[in-house]
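Good morning, everyone, and thank you for making the time.

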Amino acid sequence: MADKSENSFDDELVSEIRQLPNVWLKKIITAIFVWDLDKDGHTGYDDIMDVADKVINIGNLNGKSADDVIECFRDLASHTSDNPPTEVFRVTSLSEQLVAVWRTKDNPSLRESRGKIYSRMFQAIDFNANGFLTFDKYLVFWNAFKLDRRFARMQFDFMDTDQDGKISDEEFLKAHVDYIENTNDGTLNRFFGPLINY
Ligand SMILES: [Ca+2]
Ligand SMILES: [Ca+2]
């Protein structure tokens with residue numbers, strides 16, 4: 001009986017996933033795999049806190065700056081009853097996580113939490129705090145997630161919407177919001193490197 005209801009739950013998930021836009025699915029699977037540092041098939045609390053440690057190391061942060069990073073990553077990942085968007089990180093399978101990201105992709109409070117962590121990430125990479133990333137600085141992000149270097153320049157140019165040869169905080173955050181929310185199959189956004197085929 002328990003098996004049966006579990007199976008129909010899986011079937012429902014699968015049929016919901018089949019209706020999602022193809023490139024959007026590939027983007028989100030790619031992002032989940034990039035964040036899934038312990039390689040258990042989904043992005044969980046431990047992965048998120050490990051990325052926080054990475055950001056702290058990259059930025060050579062300590063004291064209050066390091067605490068701030070831990071705090072905003074924890075805010076994204078931890079679940080409280082008045083913080084339903086984080087259901088994305090409570091689930092324990094890739095298919096559940098995909099559906100949860102889909103259902104919450106336009107959620108304003110989740111967008112704000114994501115914005116905070118990408119803003120911290122930007123500040124950590126922008127180690128001399130001049131407010132923009134040159135291509136060399138941007139590679140720190142790329143290397144931290146061990147992304148395919150061959151795609152770094154293409155993504156850098158994609159994000160550099162005012163074409164001044166550097167990435168501002170705003171351009172970086174906009175590119176991430178677009179990555180999560182844009183369901184257009186023609187999108188060229190490769191925020192987390194080449195898309196995984198599934
Ligand atoms: Ca994981
Ligand atoms: Ca720019």
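This is a predicted model: local features need pLDDT of at least 70, side-chain atom pairs count only at pLDDT 80 or more; totals for chains, interfaces and linings use all residues.

**Two partners of helix α6**

In α3, the residues V55, I58 and G59 meet R120, M121, Q123, A124 and I125 in α6.

Helix α3, which covers residues 45-59, packs with α6 at an angle of about 25°, and their axes are 8 Å apart. Angles under 35 degrees count as roughly parallel, and α3 and α6 are therefore roughly parallel to each other. Their crossing is left-handed.

Now, which helix direction do we find in the second pair, parallel or antiparallel? Helix α4, residues 63-77, and helix α6, residues 108-125, have axes that come within 9 Å and cross at roughly 150°. Because angles over 145 degrees count as roughly antiparallel, α4 and α6 are roughly antiparallel to each other. Here, too, the crossing in which α4 passes α6 is left-handed.

As for the residues involved, D68, V69, C72, F73, D75 and L76 in α4 meet S113, R114, K116, I117 and R120 in α6. The residues of this contact of α4 with α6 divide into five nonpolar, one polar and five charged. If you look for R120 of α6, you will find it listed in the contact with α3 and also in the contact with α4.

Notes:
Residues are numbered from 1 along each chain as its sequence is written. Chains are lettered from A and ligands numbered from 1 in the order in which they are written. Axes are lines fitted to C-alpha atoms, for helices over the stretch in contact, and angles run from 0 to 180 degrees between N-to-C directions. Helices (H or I, at least four residues) and strands (E, at least two) are DSSP runs, numbered from the N terminus. Angles under 35 degrees count as roughly parallel, over 145 as roughly antiparallel, 65 to 115 as roughly perpendicular and the rest as oblique. A crossing is left-handed if the near helix is turned anticlockwise from the far one by less than a right angle, and right-handed if clockwise. Two residues are in contact if their C-beta atoms, placed from the backbone, lie within 7 Å. Ala, Val, Leu, Ile, Met, Phe, Trp, Tyr, Cys and Pro count as nonpolar, Asp, Glu, Lys and Arg as charged, and the others, Gly among them, as polar.
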